[in-house]
Amino acid sequence: MTRSANTAPSQNGQPLAQSWADSTTVFAAAAPYLACGVTHARLANLNLASYAEAPSQSVWGLNFDAGQNQLVKWDGAYVGAQGAPNAPCAANLKSDFLKSDACANLVASGTAYDMDDPAWLINVSDQNRETCAYKFFSGFNMLGYNTMAGNPSLQKPQVAVLQQFQNQRGLPVSTLVTVDGLGQLDSLLVPREIKIAAVAATFPLYGRMQPLHRNDVSKNWVAYIYMLPMSVLPAHLRMGDVETTQCIWGQCLGFLQDANGVDLPCQQGGCYTTDLTVDYRFAGAYFDPRRNHAALPSAAADVGAVLHEYAHYLDAALGSTYPPNPLLGSVATSGFYDISYDMSQAQGACAPRRSTNPQDWITRYGFAGVPGGCMQGKVFIAEEWAEAFSMYVAAGRNFRAAKRRHCAEVQLAEDERVPEHRIRYGSPARRRERLQRRSRL
Ligand SMILES: [Zn+2]
């Protein structure tokens, strides 16, 4: 069936829209509602006459070899069964993410899909959301899997993450998404979707999110990644809705755009805010269908990045303040920096490190920072605060373990250095006891 610009209007006076759905989308829309025993459709009719279930709409009537006829609107939206609905078959997919998806339903019908899809990359490095591989890749991201796994030079993280899943779930390891693997992915996504919905709905930009690519993660998942880390901060560090929006436009992770995906401009010199009276939309940093997409960080790394960027926003050492954004530059960090850097020699955000041992820093990025811009012997300090803040909030157990280890090492060094300590804590038993006491800090 085709639609040309000069097609006559339908009987109900409504021509088919240019965006009418493909047949695979139409069948996938009906898939969660099919009775057991369906193997194929016997008839598929696009009816321009009005159905009682969808007045004045162009609707597909699908007749299957078991159960009731199913009705799906021209744009792929499920309408319902004709007559009393079927009891859906227990084997139908159940997660919102997969149940009406064409890729997933093709696998569910028994056709295994090879994740090593030759169309995975566009122009060497851009991950191709048009592939079914991206849909399943996104599903693994929503379960917390590391979607940057594997050897980066092979550029097949979609295969690496599938095989990690297969290994953990006792599935045969291959490049194929099979009915069994899909069933496990689906049943793990169902409780996760329930768990994230309430937090996702509190994201202030929830009602303004740019549409995601159909093969990308769910809208709730993006909102959850942004909202979860903010929701666990102490009350005085939580931004109001307007400041959250301005921070995302400015320093925080993500983008504010107009309806066409163009980033919004500054509102004033210094670029502290953008004009929120326009029709603006939010796009997550790794979820913008218009941007080139080289990699999808794990959800944990993404949450870490949300906190990291927010820490820069809070950092008074960076020198930005603007009264309408009360939390901008509101945290005095010079004492914190002075632990790792000799701040008496600071010039702007550059200072000498107190130690050249990377183990004294909480992350490698905190130690190495970003190159350039500082005088000889000094380094850019700001990544250390951002990394430490992010780790303290998102990985508190690791943070405290690193602190205990560090304190114990400092204690050992001190006991070696100070003669009085060498005598008082000289016996191995006393030293061990002293270290244990310290490590409970
Ligand atoms: Zn940074």
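A helix pair and a sheet

A: Helix 8 (residues 299–314) packs against helix 11 (residues 382–394) at an angle of about 130°, and their axes lie 8 Å apart. Helix 8 is therefore oblique to helix 11 (angles under 35 degrees count as roughly parallel, over 145 as roughly antiparallel, 65 to 115 as roughly perpendicular and the rest as oblique). The model is a predicted one, in which local features need pLDDT of at least 70 and side-chain atom pairs count only at pLDDT 80 or more, while totals for chains, interfaces and linings use all residues. Residues are numbered from 1 along each chain as its sequence is written.

Axes here are lines fitted to C-alpha atoms, for helices over the stretch in contact, with angles from 0 to 180 degrees between N-to-C directions. Helices (H or I, at least four residues) and strands (E, at least two) are DSSP runs, numbered from the N terminus. On the side of helix 8, the contact involves Val303, Gly304, Leu307, His308, Ala311 and His312. Helix 11 contributes Ala382, Trp385, Ala386, Glu387, Phe389, Ser390, Val393 and Ala394 (two residues are in contact if their C-beta atoms, placed from the backbone, lie within 7 Å). The residues of this contact comprise nine nonpolar, four polar and one charged (Ala, Val, Leu, Ile, Met, Phe, Trp, Tyr, Cys and Pro count as nonpolar, Asp, Glu, Lys and Arg as charged, and the others, Gly among them, as polar).

Elsewhere in the chain there is an open sheet of four strands, in the order 1-2-3-4 with antiparallel pairing (strands pair if DSSP finds at least two bridges between them). Strand 1 (41–47) and strand 4 are at the edges with a single partner strand each, so one side of each has no neighbour in the sheet. From one strand to the next, the twist averages 20°. Helix 1 (residues 23–30) packs on this sheet, where it touches strand 2, strand 3 and strand 4, and its direction makes about 130° with that of strand 3.

Within the sheet, strand 2 (residues 59–64) and strand 3 (residues 70–73) run antiparallel and are joined by four bridges; valine 59 stands opposite lysine 73. Their hairpin has five residues between the strands, and glycine 67 in its turn has a positive phi of about 75°. Strand 3 is also paired with strand 4 (residues 78–81), in the antiparallel sense over three bridges. Here valine 72 stands opposite tyrosine 78, and leucine 71 has glycine 80 as its bridge partner. This second hairpin has four residues between the strands, and glycine 76 takes a positive phi near 95°.

Serine 56, in the loop between strand 1 and strand 2, has a positive phi of about 55° although it is not a glycine. Serine 56 counts as exposed because it has 11 C-beta neighbours inside 10 Å (buried needs 20 or more other C-beta atoms within 10 Å, exposed 12 or fewer, and partly exposed lies in between, with C-beta atoms placed from the backbone).

The protein chain as a whole has 14 helices and twelve strands, and 31% of its 441 residues count as buried.
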